[in-house]
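Please read the following notes with the model open beside them. The points are numbered and go through the chains in turn.

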Amino acid sequence: MPDPPAVDAQSLSKQYGSTLAVDSLSLSIGPSTVFGFLGPNGAGKTTTMRMLTGLVEPTSGTATVAGTAVEDRRDLVDHVGLLPEEPPLYTELTGREQLRFAAELRDMSWDSVAGRALEFCDRLDLTEDLDRRVDGYSKGMRQKTAFVQAVQHDPDVVFLDEPTSGLDPRAARTLRELIVDTADGTTVFLSTHILPVVEEIADEVGVLHDGDLVATGTPATLVDRADDGGTETDLEDAFLELTSREAAWD
Amino acid sequence: MWRTDLRRARTAAVAELRASWRRLTGSWRRVAGLGVSLLMFGVAFPVSLFGPATGLGRALAAGAPPLGSLGMLTGTVAVAGLYLGGASALNQNRIGEIGALVRTSMPPRAVTLGRLWSELVQTAILIVPPLVGGLVLVGYGARDPVVPLLLGVGLFAMLLTATLAGRAGGATLRYVGVLSRLGAWAKLLLFAVVMVLIFAGTQMVLQSILPDDASFLGGFGVPPFLPGRPLQAYAAAVLAPVGTPFRPLGAVVAVSVLLAVPVGLAATTRVETALLLRDDDVDSGESATRAVPDPLARWRAGRLGWRHLIGTVRDPKTLAHVFPVFMGLIPGSFFLIVEPDVFLTVGPPLLVGAGAVLAGSTYCLNPLGDDRDQLPLVLTSVKSTASLLRGRVVAGSVLGLGLAAVALAVAPLGPEPIGAIAVAASALVTVPAAAGLALGIGAFSPQFERHEYMNVERAHPSQLVLMGFMFGGGLFFGGGTFGLWLALTIALDGELAPVLAAIVWLVGLAIYAVAGLLGYGYAVSRFDSMTLDGV
């Protein structure tokens with residue numbers, strides 16, 4: 001019997017007033033998968049992630065994450081981690097206090113998550129700054145702290161919104177490696193505009209355009225479909241083509 | 001150069017005024033608040049001022065000017081101008097956000113002039129209508145348009161001078177703060193000292209105008225150079241054309257007032273322009289990771305509540321919304337210091353009441369609203385917001401119980417130690433109960449939008465909630481605690497059966513506990529069902 005999907009959405013829609021932010025989105029993501037979620041600005045990516053993490057209620061449709069309905073926030077929190085676009089940090093705390101506080105929010109002792117958290121901090125060159133206040137952190141350091149905070153409790157599914165934003169090339173590379181390592185047991189829902197990152201680490205890709213999921217598949221599949229047989233094609237070409245002609249491939 | 005700067009300043013001022021207008025009209029809450037204020041003011045002002053203002057007009061027309069009242073009126077206008085000017089100089093956080101754009105788009109002096117221009121207009125909108133209203137009433141009483149016209153010229157000149165002086169003073173204070181590189185707590189302490197000095201100074205001046213028994217500091221004496229006579233002489237000089245006796249001192253004051261306008265303008269422009277070019281981001285220095293202290297570390301709400309306390313230690317601005325209220329307590333504190341016997345008698349119940357209000361007002365009046373930026377973390381982490389909300393109760397109670405501890409220390413020194421100790425002990429119920437009730441009131445109207453208040457830009461509690469708790473909750477907890485103390489004191493004097501006193505005490509505590517639990521329960525139910533849709 002195949003494993004149940006880590007993320008399963010059926011006809012998920014979200015309407016704000018007269019604006020349909022997400023239109024009847026259906027997708028299924030398997031366990032331990034890195035899912036690259038692509039789309040132009042305003043396509044509905046953040047709204048989708050917010051619905052899947054229980055932060056906003058879908059107008060219609062259903063979704064489960066790790067087998068838990070997204071409306072059931074009480075149980076959902078046991079399965080998810082989230083790195084939103086703006087790192088949700090308390091700037092008056094030090095990095096270490098922030099990570100402890102995040103563990104405490106989940107009613108987990110710091111000791112139970114410290115090993116994993118500190119290993120990630122170490123790999124991200126954050127250890128030396130952990131006892132400094134967050135308000136003195138650079139954008140990249142805040143991003144790293146928020147990433148560790150999102151994954152330190154080893155969630156079933158982690159939602160990452162532009163995780164490499166503000167990182168220098170070395171840190172961005174380390175983070176990509178960490179995401180791949182994290183996917184060993186955790187499903188990574190990765191929203192980003194940096195297409196080479198998706199091409200490099202994503203197992204599957206979904207392209208959202210004007211609230212519609214216009215394509216899903218492996219990066220190679222999408223590139224192949226966009227290949228017109230002429231010049232060499234990559235995921236960027238596929239993305240541009242998909243989001244310009246608004247074609248639904250799947 | 002000046003002409004170019006003024007032209008650019010006008011552009012900046014118009015843009016700022018337009019933005020302020022849109023901020024005001026963009027929120028139904030603000031529009032409603034303004035409407036209620038205007039309604040209250042529109043009714044209360046004419047009713048309360050009709051008699052005095054028309055009486056003043058009649059007296060002026062009759063050639064018998066009440067110089068004491070005129071001095072008082074001039075002084076009031078001057079104090080209002082000083083306050084508004086000073087406050088506008090100190091409330092300059094917003095420039096931090098757009099600073100980079102402004103600094104790279106126009107010369108610093110034009111920026112300063114533009115902000116000054118826009119804020120003077122806003123001050124005028126606030127203060128000129130009531131002033132004109134009052135002058136109309138004076139004119140009505142005098143049956144002569146010249147009297148209010150002269151008085152108006154004198155008062156507007158004083159208002160402009162005082163506003164510019166306040167602005168220059170506030171800007172200088174900020175500049176000193178930047179140069180001194182003081183931490184946030186040191187600045188706060190300095191601010192409190194300045195406030196106390198201002199209060200004491202005001203009392204000294206008032207003493208020269210009002211009867212002795214109207215001043216708290218009646219016995220302190222007033223230096224001869226500080227009486228209200230110059231203000232009276234100024235008013236007399238302004239009204240000289242309608243027959244008020246002219247004194248040379250009035251001419252000196254009038255000339256000084258007029259000269260102060262360009263001097264104040266130049267000083268403000270210079271200091272604020274210098275401030276624009278400096279970085280006033282001072283680190284408080286407190287940076288080491290701190291473990292949750294033992295009493296709090298033992299339970300989850302304590303560990304979660306510690307965040308608020310350590311946040312306040314590192315940045316007292318998190319409590320900016322409470323400062324005005326506690327500054328308002330300065331007069332009462334003075335009274336208690338001047339009369340230590342009274343303090344020993346009524347101090348314990350007052351301290352317990354203040355502790356309850358402090359516990360509720362510090363971290364509980366905008367629950368989760370001030371976590372706006374962290375809500376994605378919070379809402380995807382906690383199964384219920386209950387523990388978070390209890391954390392706020394714990395944090396507030398730590399502060400409130402601190403005051404109760406002082407009450408307990410003072411209680412044995414008073415004339416009724418047993419009653420005072422019992423009241424101090426009741427803080428164990430009233431203080432967390434006040435925090436619970438505050439949670440409920442705050443949950444009714446959480447504020448997620450950041451705005452500037454007391455020079456701090458954050459998601460402050462709504463003014464409605466703040467005032468509702470301070471007055472309603474303050475009366476309920478402060479007045480109630482005082483009532484409990486009174487009942488216990490009477491009982492211990494033998495005028496009430498001790499059993500009955502104990503019952504009164506226990507019933508009172510039960511009422512507080514129920515109120516606190518109801519507030520807490522409402523807040524939990526409200527926030528457990530909250531999503532970002534409602535933010």
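Why do the end C-alpha atoms of helix α6 (residues 146–180) of chain B agree with the span its residues should have?

1. Helix α6 of chain B has 35 residues, which at 1.5 Å a residue should span 51 Å, and its end C-alpha atoms are 50 Å apart, so the two agree. The expected span of a helix is 1.5 Å times one less than its number of residues. Helices (H or I, at least four residues) and strands (E, at least two) are DSSP runs, numbered from the N terminus. After α6(B) comes B:R181, with a positive phi near 55°.

2. This is a predicted model, in which local features need pLDDT of at least 70, side-chain atom pairs count only at pLDDT 80 or more, and totals for chains, interfaces and linings use all residues. Residues are numbered from 1 along each chain as its sequence is written, while chains are lettered from A and ligands numbered from 1 in the order in which they are written. The scores of the model are ipTM 0.91 and pTM 0.81.

3. The average pLDDT of chain B (the predictor's confidence in each residue, from 0 to 100) is 83, and 89% of the residues score at least 70. Residues 211–227 of chain B have pLDDT below 50, and this stretch makes 26 contacts in the model beyond near neighbours in sequence. Two residues are in contact if their C-beta atoms, placed from the backbone, lie within 7 Å. Where pLDDT is low, the predicted coordinates should not be read in detail.

4. Chain B has two parts, domain 1 (2–276) and domain 2 (294–534), with bounds that come from an automatic or database domain assignment. Their C-alpha centres, those of domain 1 of chain B and domain 2 of chain B, lie 35 Å apart.

5. The contact between the chains takes 29 residues from chain A and 24 residues from chain B. On the side of chain B that touches chain A, the elements giving two or more residues are α11 (300–314) and α15 (375–379) of chain B. The largest share of that side, six residues, is from α11(B). By class, the side of chain B that touches chain A holds eight nonpolar, eight polar and eight charged residues. Ala, Val, Leu, Ile, Met, Phe, Trp, Tyr, Cys and Pro count as nonpolar, Asp, Glu, Lys and Arg as charged, and the others, Gly among them, as polar.

6. Chain A contains nine helices and 10 strands. Its radius of gyration is 18 Å, which agrees with the value near 18 Å for a compact globule of 250 residues; the radius is taken over C-alpha atoms, and the globule rule is 2.2 Å times the number of residues to the power 0.38. The C-alpha trace of chain A spans about 55 × 40 × 40 Å along its principal axes.

7. In chain A, four strands in the order β2-β1-β4-β5 make an open antiparallel sheet. At its edges are β2 (19–29) and β5 (68–69) of chain A, each with a single partner strand, so one side of each has no neighbour in the sheet. Two strands pair if DSSP finds at least two bridges between them.

8. Seven bridges link β1(A) and β2(A) in the antiparallel sense, with A:Y16 opposite A:T19 in β2(A). The hairpin of these strands has two residues between them, and A:G17 takes a positive phi near 60°. Strand β1 (residues 7–16) of chain A is also joined to β4(A) by five antiparallel bridges, and A:A9 stands opposite A:A63 in β4(A).

9. Strand β4 (residues 60–65) of chain A pairs with β5(A) over two antiparallel bridges. A:V65 faces A:T68 in β5(A), and the bridge partner of A:T64 is A:A69. Two residues lie between β4(A) and β5(A) in their hairpin, where A:A66 in the turn has a positive phi of about 50°.

10. Strand β9 (residues 204–209) and strand β10 (residues 212–217) of chain A pair over five antiparallel bridges. A:V207 is opposite A:A215 in β10(A). Their hairpin has two residues between the strands, and A:D210 in the turn has a positive phi of about 50°.
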